[in-house]
Amino acid sequence: MLGPMRGPSGTAIARATCLILLAIAAYLPAMRGGFIWDDHPLVLNNPRLHEAAGLSWLWLIPDFEDYWPLTYTTFWIDWRLWGERPAGYHVENVLLHVATAILVWRLLRRLGVPGAWVCAAIFAVHPVNVAGVAWIIQRKTVLAGLMFFASLLFYVRYDESERPADYAVALGSYLLALLSKSSVIMLPFLLLTVVLTWISFDVHHRYGVGTEFARPEGFAARLAGAGWIVWFYLFKALIPIHLAFVYPYWSVDPASGWSYLPTLVLVAALLALWRWRQHAWARGGLLGLGYFVVSLAPVLGFVDIAHMYYSLAADHYQYLAIIGIIATAVAAVCAARRRWPTMPRAVAPVLGACVVALLFVQTWRQGYIYKDDDTIWRATLAMNPRAWVADEELGTACFERDQPGQAADHFTAALRTRPRDSELHVRLAAALKRQGRLDDAIRRLAQAAELRPKDAGLHNALGGWWAERGNVVEAVRSYRRALDLLPNEEYLANNVAWMLATSPITEVRDGPEAVRLAEHAVRLVGHDPQLIDTLAAAYAEAGRFDQAAATARRAIECARKWDQDDLVQPFEARLHLYERRRPYRELAPDPPTEDPHVIRIEHGNLRAVFQDNAESPKVLSGIDSLFNVKDAPDFDAYDPDSPGASAGINFEHIIAGHENPNNSFTPRRGPFTMRRLPDGRGVQLVRRAADDPWSVDSTLSYTLVAPHYVDVEFRCRPRDAGKFGKRGCAIFSFCNYMNDAADAALHFRGVEAAGGEEVWIAADAPPGHPHWNQGGTYHHRDAAALDYDPDLRFNLNSWSYDYPRFTLPFYYGRAARDMTLILMFDRAWSVRDEIRFSLFKFKLKRFPRPAWDFEYVVHKVEQDQEYGFRARLVWKRFVSPQDCLDEYGQWAAALTHPTRPQQE
């Protein structure tokens, strides 16, 4: 039996005060936060909380997936106190957490756990608990925690006193905890854990599960995953670093024996502690670890939880469980102090103070990320770049702020993780359409419709966009698919009937079918003037002009009756046509105008977008995007997060061997003229010497060649050789800002040292050279280092590694999605000119996006002489290094002049 409960002493009051001040101080940044994510629909915009009658709905007629009436009641009261001001909500969450910490201290003290106050202090400032306290909707977690530990404390009192009142309070607190958050259902089993009794159990309750979400994993995968989840939470409890609002989603292969290892180790640890339970250390460890595991049982993946749609773990899930690990760790330190009495008495207090201080600082810092939605999601991406939900939420916010370009970037990033998420395709389509990129938007919406073939709304929207694009045939096809799915939706029947009756395209019109569909629509809703107007147009197309006129008059009467006067004039205009026995025809849409600065081309397996630099530096010239529609239809070869400011084979620099302000980015400082090539498969960028500070005329041509090639030709003619100084060297630098790569390296055939044999090289541009700037350049085996003035500041493209060197003028890089980009050239090195490969790693901080660049070098510029090269870019699925070599060999053999180095 435990000793009698006594009233608080002065020391106890002082400790409680210290605990309160400590927790409040740690959460000061969090209390300045706002509403985030689920706070908006569940609190800020929840009509049940705003209505006076909403309170009865919360208790008697719940219309949410989860039944948390006590939690929602506190929000109902808060709305009347604080309204849309988040500070009051945050303060309440923190005060509930403080009260819970006090109860934890009193409970552990009653149970005789050593260092009970230190345990409570660690619990109060542990950064894992920030998600449960700083996130307003997690009121359910801290409120349930308060009631949960109150129930435990009064149950301990009942165990001592056997007074029915204590048991009634314990039971009442438990029921209130259940009404706050259902995961506290494990409390009876935790009480059994306290007496070291293990029983099997099965939980059946609705715990945060949306009706549209069910994890596909079977029991074996969930059993294996449970062990991983427990160890993950244990690690975060002991070493709370790299905390994230949404953790990476991991999957477990149930067919692999290694997947079960964490679960087996966990079971083995519990069995070992049970085997040695006669020892105090084993009993304490069994109690702490057993409490931890049982508390986590509802969130181990056996029951589907809404958050597991994004991640299998979340910090706030271990709010109740973490005290088991904290108490065990603190008790172990206290036991060590007793075991080694010669240890200085100050060691344990100093250690405890240091731990609390470190956790305090981490919690303080963690509280700042709950400022608002943008802050929480950007912090999430910093810790978990593949958190697609963060990109989705940021994209939605940008779209609502009328920033469609940034919205499209975020939706595209989310789709890299979830390429089959139809809703993301829909949102990206909307963002692209708002940007004016209707063709790209239609393509995305069509992908969404393929993923949701039974979604009539998607097919109907796609039909509307096709109609806006002027493609009536595709519009009718999409409308018909929608109508097949919902044959009794009058607006779908009306859409198809209207196009069949009024299209300017003869092949599309079908009068009898238009009449059938329009009559069906009018039968469904006979008082809609627009449906009646469609029926009149259908009669006219079918040659039934008397019926058309009578029906048009009916439509006019109906429009006036329903006060839709804006419809009367067009209806009357159509009536005059029918009276003259002529059908109504919609005007043929104007042909789409092409942006003179953007050209889109599809050929073979490739779809490419080319841009000039009219909006430089925001937009770079070159290949703005490149897709292989067969191998990776939704994976852009080039960096999609910097639209316009990243491009492929972008003519970026002209550099001389001496210091000159025009060394950097001069092609951005004057216009290119872009035009389609006559065959329609390519474009040409033309730059006049008058527009170039180096006085160089240049043309850069790109041509798509089936199945997956882009042929490139560069020609230039310097008009003033004197501008390149006494050295006379000119470096024409071309950049490729890649999308995600499997590795950053350039792969080529070359030698690793003088006289070495030709081998495959994986060049990763290591640091070491004084001029290294996150990258470097590689030259041919027979080439020499370039000579440049020592005061040249823009030298990142002028120096190159001594070794390795390449032997064949081609390289490839391994992109994500098992794609590869190969670049091959018609020359390697000669006395006159040469090609150099470059790798720069400027963009590897957030995503693995290297710049796989190259340079064309003219060693001694002569005035009015023509220089240039030809190249081929390959964008396809990776097969093997030998396949890349074969691609180069086949192309080189077909060239009209040799590609081997020429010793002149």
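The model is predicted, so local features need pLDDT of at least 70 and side-chain atom pairs count only at pLDDT 80 or more, while totals for chains, interfaces and linings use all residues. Residues are numbered from 1 along each chain as its sequence is written, and side-chain values use heavy atoms, leaving out hydrogens and water.

**Two helices**

Helices (H or I, at least four residues) and strands (E, at least two) are DSSP runs, numbered from the N terminus. Let us start with helix α19 (residues 388-400) and helix α21 (residues 422-434): their axes come within 11 Å and cross at roughly 30°. Here, axes are lines fitted to C-alpha atoms, for helices over the stretch in contact, and angles run from 0 to 180 degrees between N-to-C directions. On the α19 side, the contact (heavy atoms within 4.5 Å) is made by Trp-388, Glu-392, Thr-396 and Phe-399. On the α21 side, Leu-424, Arg-427, Ala-430, Ala-431 and Arg-434 take part.

**A buried aspartate**

Now look at Asp-166, which lies in helix α11 (residues 164-180). Asp-166 counts as buried because its relative accessibility is 4%; buried means under 20% relative accessible area, exposed over 50%, and partly exposed in between (1.4 Å probe, protein chains only). Apart from neighbours within four places in sequence, Asp-166 is in contact with Phe-154, Arg-157, Tyr-158 and Ser-161.

**Strands side by side**

Strand β7 (residues 696-705) is mostly covered, with 7 of its 10 residues buried. Strands pair if DSSP finds at least two bridges between them. Strand β6 (residues 682-687) pairs with β7 in the antiparallel sense over 6 bridges, and Gln-684 has Ser-701 in β7 as its bridge partner. On to strand β8 (residues 709-718): 10 bridges join β8 to β7, and the two run antiparallel. They form a hairpin with 3 residues between them, and Asp-697 stands opposite Arg-717 in β8.

**Aromatic rings**

The whole structure holds 49 aromatic pairs. Rings of Phe, Tyr and Trp (its six-membered ring) pair if their centres lie within 6.5 Å; planes under 30 degrees apart count as stacked, over 60 as edge-to-face and the rest as tilted. Here are two examples.

| Pair | Centres apart | Angle of planes | Class |
|---|---|---|---|
| Phe-714 and Phe-732 | 5.6 Å | 55° | tilted |
| Trp-799 and Tyr-801 | 5.0 Å | 75° | edge-to-face |

Phe-714 sits in strand β8 and Phe-732 in strand β9 (residues 730-735), 18 residues apart, so this pair links distant parts of the chain. Phe-714 is buried at 0% relative accessible area, and Phe-732 is buried at 1%. Trp-799 and Tyr-801 are buried as well.
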